[in-house]
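Work through the exercises below with the sequence and the model side by side. Try each task before reading its solution.

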Number of protein chains: 2
Amino acid sequence: MVEIPDSHPRKRSLLSRQKIVEGSLRGLLADSAMIAHGRGEAFDYLLGERTTDSARLAIREAASRLRSAEDPVISVNGNTVLLAGKGALRLAAFLGCPIEVNLYYRTPERVSGLLSLLEEQRVSVLEETEPTGFEGDWRASVRNVPLLGGSPDFKIEGLEGPRSHCTEEGIGSADSILVPLEDGDRCEALVNLDKEVIVIDLNPLSRSSRMATVTIVDEVSRAFDGMLADLLSESNSVPSEWDNASSIIDSLNEIKEFLSKR
Amino acid sequence: MVEIPDSHPRKRSLLSRQKIVEGSLRGLLADSAMIAHGRGEAFDYLLGERTTDSARLAIREAASRLRSAEDPVISVNGNTVLLAGKGALRLAAFLGCPIEVNLYYRTPERVSGLLSLLEEQRVSVLEETEPTGFEGDWRASVRNVPLLGGSPDFKIEGLEGPRSHCTEEGIGSADSILVPLEDGDRCEALVNLDKEVIVIDLNPLSRSSRMATVTIVDEVSRAFDGMLADLLSESNSVPSEWDNASSIIDSLNEIKEFLSKR
């Protein structure tokens, strides 16, 4: 691994890139996952590699909706586990919800490799200092996060092939699904099943972004961290009448502002 | 390989992605080449996946400068050979100039693999219909394009390590260098040697884009094809006083217009 000096202005982006390259070399990613990551890098660059004001509002909305849901679930793919698996575990521990590995190009090897990596990440999270503001037994909550996806026993209606597979306990029975870096077809199928779909996607123009109930246009680990911080700090924010189309337009305007400053 | 229907609006982009994935599986690319391609995809998407008006002007300027140069050279990396090797060969045949394989992460295997691929591409180009407007023996010109880079015998002053290596016959003695998808440091070093550096880069904000003498903000195969068409059709366009900074601002404005139409 190349050492990146702390002073490098894009250190966090370069570290993320290394995680993806290493995950790919370990066989955890589909062939085109690195290309998808590169697209994300470009959009993140255009957002200034920070959580923008509109993303901040979307994060708050998403957090309150996930807290209000009966059966939330966090759906993760390879890139999400590599970039933000620990963030997903912390968020799931707070919400008391499962994490489901759900892959577009599903192979048993990749699913089990990602589930093993999540188990390793769980060990790291258990070694961390307990977050301030959590009521209850934090470590028990982390230990109890169900990691699903190894034995799919359910199908997402309206989809064909391996990407329709999911678990009944997770995505199958969820009323609210947090899906970072999702494919557009699956996002649409989930919305058509009347589920609340919260998407994290750096491309505000992707089909997932436009299909979702709430779209967070932000890098996935920043978005997870932001949601957890909101959940830990606020006790009574409630879901609003959310205008997702206008939130996406705000994101586009933030990119335009960035370009205007160059 | 997945079959992409002709009707798919983004067919060309998806075919390019397949070429990169296959090249990576064949060991022709560095680990992060797919990530770089993904960044390019995102910027191309924001440009509308077409040659914009400002890119059109930059292509014309680049074509006339390459024609006026004493010793032009086309420097190519793995992504360029995979996406546009045949376009590079046609352009080099018109200009009577060499193509040099020059890699950031140089390994002998990748250099020789890319040189072999260029030889295969040369065979394909020789099977094509001769382009209209070329004066001379087209097939002889294609056959005579020197393919350099296998035995570097020269160094780019101001750079350290393997990426400083080049050939004297090619980059070493060139007065004008066409460098698609270049790294910023090498672009800067070449400019500091008083060479004319023509960059093709989809990111108008990259350091290469900002360092170059002429920046073509366009997809590499479209840019090569556009330059060849200009050279074949025009006989007396001459290099202008080129304002590269304002050309880049025009590209940024084209992205902003694209975003405004969403």
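A residue is called buried under 20% relative accessible area, exposed over 50% and partly exposed in between, with a 1.4 Å probe and protein chains only. This is a predicted model, in which local features need pLDDT of at least 70, side-chain atom pairs count only at pLDDT 80 or more, and totals for chains, interfaces and linings use all residues. Residues are numbered from 1 along each chain as its sequence is written, chains are lettered from A and ligands numbered from 1 in the order in which they are written, and side-chain values use heavy atoms, with hydrogens and water left out.

**Exercise 1. Positive phi**

Task: Find where B:Asp194 lies and decide whether B:Asp194 is buried or exposed.

Solution. Helices (H or I, at least four residues) and strands (E, at least two) are DSSP runs, numbered from the N terminus. B:Asp194 sits in the loop that links helix H7 (184–192) and strand S7 (196–200) of chain B. Its relative accessible area is 73%, so B:Asp194 is exposed. Next, look at the backbone: phi of B:Asp194 is positive, about 65°, although the residue is not a glycine. Most residues other than glycine have a negative phi.

A second case is B:Glu49, another residue other than glycine, with a positive phi near 50°. B:Glu49 belongs to the loop between H2 and helix H3 (53–68) of chain B. With a relative accessible area of 22%, B:Glu49 is partly exposed.

**Exercise 2. A covered helix**

Task: State how many residues of H2(B) are buried and what covers them.

Solution. Begin with the dimensions. Helix H2 (residues 33–46) of chain B has 14 residues and spans 20 Å from first to last C-alpha, close to the 20 Å expected; the expected span is 1.5 Å times one less than the number of residues. Then count: twelve of the 14 residues are buried, which leaves H2(B) mostly covered. Among them are B:Met34, B:Ile35, B:Phe43 and B:Leu46.

The cover is identified by contact (heavy atoms within 4.5 Å). From chain A, it includes helix H1 (11–25) and helix H2 (33–46). From chain B, it includes helix H1 (11–25), helix H4 (78–95), helix H9 (220–233) and helix H10 (244–260). After H2(B) comes B:Gly48, with a positive phi near 85°.

**Exercise 3. The sheet of chain A**

Task: Why is S6(A) largely enclosed?

Solution. Five of the five residues of strand S6 (residues 176–180) are buried, so the rest of the structure largely encloses this strand. A:Ser176, A:Leu178 and A:Pro180 point one way, while A:Ile177 and A:Val179 point the other way.

Task: Which hand has the β-α-β unit that contains S6(A)?

Solution. The unit made by S6(A), helix H7 (residues 184–192) and S7(A) is right-handed. In a right-handed crossover, with the strands pointing away from the viewer, the path from the first strand over the helix to the second runs clockwise.

**Exercise 4. The core**

Task: Which residues touch the most other members of the largest nonpolar core?

Solution. A nonpolar core is a set of buried Ala, Val, Leu, Ile, Met, Phe, Trp, Tyr and Cys residues joined through side-chain atoms within 4.5 Å. In the largest core, of 104 residues, A:Met227 and B:Met227 touch the most other members. Not counting residues up to four places away in sequence, A:Met227 touches several residues, including A:Leu66, A:Leu91, A:Leu178 and A:Ile216.
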